[in-house]
Amino acid sequence: MEENEFRQKILPLQHMMYGIALKSGLPPDDAADVVQEALLRLWRARASLPSPPGEQRAYCLGAFRNILISTLSEITSRGNRLADISGDTNGMDSAANQPTDSGTMRLDLERMIDTLPENQRKVIRLSGFGGLETDEIARATGFTAVNVRQLLSRARRRLRELMEIHK
């Protein structure tokens with residue numbers, strides 16, 4: 001992939017990536033850093049990017065998601081280490097002291113998604129994190145559009161059940 005093609009096909013995704021990073025609970029500066037890191041890694045791997053546009057978009061957003069999750073994990077682990085150092089000063093149990101920010105909720109959701117069957121996991125990530133439409137997911141995965149809708153429905157239903165249990 002040449003520089004012009006990268007600019008035309010990959011760089012427009014940075015706005016979507018930034019929005020996803022902000023929605024995950026990152027401050028604007030950290031969100032911009034995560035997007036920049038993802039674009040840098042994609043630039044370095046540009047020769048190995050898939051050629052169909054739907055697959056390129058899914059691949060790029062998947063790579064971004066992995067970097068975002070890694071960043072959120074680092075932030076969460078730093079917060080947990082700080083909590084361990086400060087101790088329990090209020091006499092409250094540790095569950096009451098745990099922050100319930102959107103970053104932690106997102107990690108919980110990722111863990112729930114990991115429990116889904118592979119096909120459901122694939123389409124829910126492409127839809128939810130990749131922002132792809134049903135037809136784009138069908139092209140990227142090789143499933144029919146009807147199959148994609150069915151897999152999404154089942155995955156969402158199962159995630160709702162898991163969230164009810166998790167409450």
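Predicted model: local features only at pLDDT ≥ 70, side-chain atom pairs only at ≥ 80, totals over all residues.

Let's begin with glutamate 37. Its relative accessibility is 30%, so glutamate 37 counts as partly exposed. Its partner is arginine 41, and the two form a salt bridge whose closest N and O atoms are 2.8 Å apart. Arginine 41 has a relative accessibility of 46%, so it is partly exposed as well. You can find both residues in helix α3 (residues 28-44), where four residues, about one turn of the helix, separate them.

Now look at helix α1 (residues 3-9), where lysine 9 and glutamate 5 also sit four residues apart, about one turn of the helix. Their side chains meet in a salt bridge at 3.0 Å, N to O. Lysine 9 counts as partly exposed because its relative accessibility is 36%, and glutamate 5 is partly exposed at 28%.

What else connects with these two helices? A search of the whole structure finds one aromatic pair. It consists of phenylalanine 6 and tryptophan 43, which are edge-to-face, with 5.1 Å from centre to centre and 80 degrees between the planes. This pair links distant parts of the chain, since phenylalanine 6 belongs to helix α1 and tryptophan 43 to helix α3, 37 residues apart. Phenylalanine 6 has a relative accessible area of 5%, so it is buried, whereas tryptophan 43 is partly exposed at 28%.

Back to the charges. In the whole structure there are eight salt bridges. One of them brings together the side chains of arginine 57 and glutamate 136, at 3.6 Å from N to O. Here the pair links distant parts of the chain: arginine 57 lies in helix α4 (residues 53-86) and glutamate 136 in helix α8 (residues 134-141), 79 residues apart. There is also a network, in which salt bridges with shared partners join Arg65, Glu110, Asp114 and Arg125.

Stay with α4 for a moment and pick out glutamate 55, which lies in this helix. Glutamate 55 is 81 residues from glutamate 136 in sequence, yet their C-alpha atoms are 8.5 Å apart in space. Leaving aside neighbours within four places in sequence, the contacts of glutamate 55 are Pro50 and Ala140. At 32% relative accessibility, glutamate 55 is partly exposed.

Finally, let's see how α8 meets helix α9 (residues 145-166). Their axes come within 9 Å and cross at roughly 105 degrees. Angles of 65 to 115 degrees count as roughly perpendicular, and therefore α8 and α9 are roughly perpendicular to each other. On the α8 side, the contact is made by Thr134, Asp135, Ile137, Ala138 and Thr141, while α9 brings Ala145, Val148, Arg149 and Leu152. Sorted by class, this contact of α8 with α9 has five nonpolar, two polar and two charged residues.

Definitions and conventions:
Residues numbered from 1 in each chain as written. Heavy atoms only, no water. Salt bridge = Lys/Arg side-chain N within 4 Å of Asp/Glu carboxyl O. Buried < 20%, exposed > 50% of the residue type's maximum accessible area, 1.4 Å probe, protein only. Axes fitted to C-alpha atoms, helices over the stretch in contact; angles between N-to-C directions. Parallel < 35°, antiparallel > 145°, perpendicular 65-115°, else oblique. Contact = heavy atoms within 4.5 Å. Nonpolar A, V, L, I, M, F, W, Y, C, P; charged D, E, K, R; others polar. Phe/Tyr/Trp six-rings, centres within 6.5 Å; stacked < 30°, edge-to-face > 60°.
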